[in-house]
Number of protein chains: 2
Amino acid sequence: MVELTRKQREIEQRTREILRVAKPILLREGLHALTMDRVAAQMQYAKGTIYNHFPHKEEIVLALAFDAMRLRRALFQAAAVEDISSRERMMCIGLACEYYTQHCREEFQVEQWIRHANIWDKSSAARQECIRECEAGCMELVAGLVRDGIQSGDLPSLDGDSPGHALSPEEMVFGLWSITFGSQILSSSSPSLPALGVMDPIRSTRVHCCTLLNGFGWRPIYPVDAYLLRVEQFAETVLPKFQAIQRDHA
Amino acid sequence: MVELTRKQREIEQRTREILRVAKPILLREGLHALTMDRVAAQMQYAKGTIYNHFPHKEEIVLALAFDAMRLRRALFQAAAVEDISSRERMMCIGLACEYYTQHCREEFQVEQWIRHANIWDKSSAARQECIRECEAGCMELVAGLVRDGIQSGDLPSLDGDSPGHALSPEEMVFGLWSITFGSQILSSSSPSLPALGVMDPIRSTRVHCCTLLNGFGWRPIYPVDAYLLRVEQFAETVLPKFQAIQRDHA
DNA sequence: GTAAAAATTGACAGAGCGTCAATAATTGAC
DNA sequence: GTCAATTATTGACGCTCTGTCAATTTTTAC
């Protein structure tokens with residue numbers, strides 16, 4: 001649509017280059033090591049030029065996080081369109097989460113930075129909006145699955161005949177989101193987890209999700225053992241897909 | 001035990017005073033506003049004196065967070081000793097969490113700062129240990145309840161007769177911890193939650209915990225409605241206790 | 001009362017931030 | 001191809017915060 005001059009393309013290219021340079025500094029040495037001076041020096045540009053691209057380093061961090069979230073969303077998307085039952089697609093979303101934390105470690109790590117108040121508050125409304133939208137997109141994908149479940153009759157709805165639960169689709173998403181998110185944060189920020197007796201947080205989280213989904217009455221109801229086996233099966237199917245998506249993203 | 005000279009008491013007193021001064025700055029204006037110069041000026045001391053108490057501002061933040069966590073632990077403790085069934089005491093722990101996030105807002109907010117990598121990494125091993133210990137203490141309280149449940153026969157154990165679940169006590173704690181922690185973080189860092197359809201995150205979280213506990217097979221098994229009512233009942237009992245603890249803490 | 005120990009002070013060096021006037025490069029009209 | 005207008009680049013500068021330390025004051029112990 002928009003015609004870009006050579007110069008404009010160059011500038012855009014450099015924006016990407018700045019992110020490429022900033023990422024390892026942030027990941028390996030932390031926020032305090034990421035300085036505009038250093039990025040400029042490493043790229044052989046003057047500091048002012050970097051400031052033309054990003055008004056402060058926090059925006060660099062948020063831009064990196066946005067990239068990371070786009071990868072997450074792509075994984076979710078791939079998981080959500082598998083040609084299987086709604087509950088099983090939900091299991092695949094879980095696998096996407098696992099894949100993201102385990103095999104897209106850098107992206108996962110970068111994503112955490114947006115929760116830091118000083119970074120979030122400092123960044124522009126526009127970029128905040130991008131991120132919110134991406135997050136909402138992920139949530140919407142999952143909520144869509146819940147609605148599919150209700151539509152297909154696999155999942156009793158709030159005002160349906162089964163009084164076993166009392167949650168709207170979005171509230172169910174909130175529960176799954178909380179438990180997945182909570183486990184991931186605890187796993188990544190609490191190195192003492194094994195010492196506390198949690199040997200295999202991934203397996204635990206799978207079990208918890210299964211328990212929650214069973215509790216919602218989402219058919220087919222799985223005994224935990226069967227569920228764990230089924231997840232392993234799906235993992236083999238979707239893993240190559242996830243890998244391809246990760247490769248394309250870079 | 002230890003005899004303290006007047007001077008030593010003065011110094012200890014001042015350490016507390018520094019925290020008292022720093023807290024509102026951190027809460028209301030954020031980390032960047034919390035500078036040693038400013039604390040010193042506000043207390044009418046030279047900057048060097050403040051540095052005698054804390055080697056950098058990050059330690060001030062961690063000290064504040066430690067205070068906050070001690071309050072949390074005290075609330076947990078009060079909840080765990082209620083003279084009711086193990087499952088019901090677990091419900092009270094949930095209420096303690098809710099109380100902490102809702103009515104000890106400042107403490108909850110301060111506690112979040114320890115998750116910030118730059119703050120955590122910069123602080124001394126000693127203070128990190130204090131915090132870890134306090135966190136482990138909270139976890140241990142909950143794990144104790146799970147063991148009580150198993151002992152009393154209300155909760156089928158891993159190698160027991162009910163194959164309905166497959167988790168160790170610590171893994172169950174991990175699940176409850178994750179969902180509670182996850183909800184709290186999402187609620188506090190995602191102001192768009194209501195916009196996404198999650199109107200009452202506290203109620204949702206209660207339902208999710210109930211679902212999880214039922215899924216563990218923890219007797220008495222509650223239908224969601226009955227559970228919500230029971231929680232409200234308990235809330236009335238424990239609220240005054242919580243309030244007293246909060247008052248004493250200040 | 002006095003000497004040793006401990007605490008306090010604030011000036012200072014160092015580092016990063018973000019700005020901006022000066023300079024250089026690019027563009028487009030003729 | 002030239003030149004004026006536009007746009008991009010530069011790095012020195014002022015500012016703020018950090019953490020240190022030698023000098024000074026206060027406290028302690030005898």
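# Reading the helices of chain A

Guide: In this predicted model, chain A averages a pLDDT of 92, and 95% of the residues score at least 70. Confidence in chain A is lowest in helix H7 (residues 117-122), at a mean of 89, and highest in helix H2 (residues 36-43), at 98.

Visitor: What makes up the secondary structure of chain A?

Guide: The secondary structure of chain A comes to 11 helices and 0 strands, and the C-alpha atoms of the chain fill a box of roughly 65 × 50 × 35 Å along the principal axes. Of the 250 residues of chain A, 38% count as buried, and among the contacts in the chain with a separation of 6 or more, 69% are between residues 24 or more positions apart.

Visitor: Why is A:Ala63 called buried?

Guide: A residue is called buried if 20 or more other C-beta atoms lie within 10 Å of its own; A:Ala63 has 22 of them within 10 Å, and therefore counts as buried. A:Ala63 is placed in helix H4 of chain A, and, leaving aside its neighbours within four places in sequence, it is in contact with A:Leu19 and A:Arg127. A:Cys130 is 67 residues from A:Ala63 in sequence, whereas in space the two are 9.5 Å apart, C-alpha to C-alpha.

Visitor: And A:Gly153, how do you know whether it is buried or exposed?

Guide: The cut-off for an exposed residue is 12 or fewer other C-beta atoms within 10 Å; the count for A:Gly153 is 11, so A:Gly153 is exposed. The residue sits in the loop between H8 and H9 of chain A. A:Gly153 and A:Phe108 are 45 residues apart in sequence, and their C-alpha atoms are 35 Å apart in space.

Visitor: Which residues of helix H6 of chain A are buried, and how do you know on which side of H6(A) they lie?

Guide: In H6(A), residues 105-112, the buried residues are A:Glu107, A:Val110 and A:Glu111. Around the axis they cover an arc of only 105°, and therefore they are on the same side of H6(A). An α-helix has 3.6 residues a turn, so residues three or four places apart point the same way. The cover over the buried residues of H6(A) includes helix H1 (6-29), helix H4 (57-80) and helix H5 (86-103) of chain A.

Visitor: Turning to the two chains, what makes up the side of chain A that touches chain B?

Guide: In the contact between the chains, 41 residues of chain A meet 42 residues of chain B. H7, helix H8 (125-152), helix H9 (169-189), H10 and helix H11 (224-249) of chain A each supply at least two residues of that side of chain A, and the largest share, 13 residues, comes from H9(A). By class, this side of chain A has 18 nonpolar, 18 polar and 5 charged residues.

Visitor: Why is H10(A) called roughly perpendicular to H10(B)?

Guide: The axes of helix H10 of chain A and helix H10 of chain B, residues 201-216 in each, come within 9 Å and cross at roughly 105°. Angles of 65 to 115 degrees count as roughly perpendicular, and therefore H10(A) is roughly perpendicular to H10(B). Where these two helices meet, A:His208, A:Thr211, A:Leu212, A:Asn214 and A:Gly215 are in contact with B:His208, B:Thr211, B:Leu212, B:Asn214 and B:Gly215.

Technical notes. Residues numbered from 1 in each chain as written. Chains lettered and ligands numbered in written order. Predicted model: local features only at pLDDT ≥ 70, side-chain atom pairs only at ≥ 80, totals over all residues. Axes fitted to C-alpha atoms, helices over the stretch in contact; angles between N-to-C directions. Helix = DSSP H or I, 4+ residues; strand = E, 2+ residues; numbered from the N terminus. Parallel < 35°, antiparallel > 145°, perpendicular 65-115°, else oblique. Contact = placed C-beta atoms within 7 Å. pLDDT = per-residue confidence, 0-100. Nonpolar A, V, L, I, M, F, W, Y, C, P; charged D, E, K, R; others polar. Arc of directions from axis to C-beta.
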